[in-house]
Amino acid sequence: MSQALQALPHRHVLTLPAVPKAVRVARETAEEALVEWGIGLRHRAVDPALLILSELVTNSVRHAAHVSPEVTVIYAAAHDCFAFAVHDRHPHKPHLRTALAGPGGLATVMELVLGLGGTAVVRADADGEGKSIWITLPL
């Protein structure tokens, strides 16, 4: 996790089996964390954030489960931003910049992130055998 994200006062880590149920659990956990951290679920960034999170966890379950039996979600927040990462051990690292040009879930993710003035970054694991997709959204 970058220094800026480590500095965020609120953090939570969730590791789940890479099965379809993980999407719902990751989303519900995000909602619970946001409420606990004082970020209202009616904030304009929350619904898009939950959609982005759901799409990224779905991608890990659909495309990485055969080599990554678990998916980890890291949640972090401060009064002015909400950040989360979805990590799996599949070596493919999607190109987020070119995702906008194509159809599918990553195009939707990038449209939402950019529309909210946020950022999306793919970070490879040190061994190159996995990655995290980090999303940071202003609140």
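User: Which residues does Val57 touch, leaving out those up to four places away in sequence?

Analyst: In this predicted model, Val57 touches Ala22, Val23, Ala26, Val73 and Val86.

User: What core does Val57 sit in, and which residues have the most contacts there?

Analyst: Val57 belongs to the largest nonpolar core, which has 36 residues. Val57 is among those with the most contacts inside that core, together with Leu53, Leu56, Tyr75, Phe84 and Ile135.

User: Which elements give two or more residues to this core?

Analyst: Helices H2 (21–36), H3 and H5 (105–115) do, and so do strands E1 (10–17), E2 (70–78), E3 (81–88) and E5 (131–138).

User: And which gives the most?

Analyst: H3, with eight residues.

User: What end-to-end span should H3 have, and why?

Analyst: H3 runs over residues 46–64, and at 1.5 Å a residue its 19 residues should span 27 Å. The C-alpha atoms at its ends lie 26 Å apart, which agrees with that expectation.

User: Switching to H5. Which of its residues are buried?

Analyst: Gly105, Leu106, Ala107, Val109, Met110 and Val113 are the buried residues of H5.

User: What follows H5?

Analyst: Gly117 follows H5, and its phi is positive, near 75°.

User: Zooming out, how many helices and strands are there, and in what pattern?

Analyst: The protein has five helices and five strands. Along the sequence the pattern reads α-β-α-α-β-β-α-α-β-β.

User: Compact or extended, for that length?

Analyst: The radius of gyration is 14 Å, close to the 14 Å that the globule rule gives for 139 residues, so the protein is as compact as a globular protein of that length. Its C-alpha atoms fill a box of roughly 35 × 30 × 30 Å along the principal axes.

User: What share of the residues is buried?

Analyst: Buried residues account for 49% of the 139.

User: Last one. Of the contacts between residues at least 6 apart in sequence, how many join residues at least 24 apart?

Analyst: 67% of them do.

Methods
Residues numbered from 1 in each chain as written. Predicted model: local features only at pLDDT ≥ 70, side-chain atom pairs only at ≥ 80, totals over all residues. Heavy atoms only, no water. Helix = DSSP H or I, 4+ residues; strand = E, 2+ residues; numbered from the N terminus. Expected span 1.5 Å × (residues − 1). Core = buried A, V, L, I, M, F, W, Y, C linked by side-chain atoms within 4.5 Å. Buried < 20%, exposed > 50% of the residue type's maximum accessible area, 1.4 Å probe, protein only. Contact = heavy atoms within 4.5 Å. Rg over C-alpha atoms; globule rule 2.2 N^0.38 Å.
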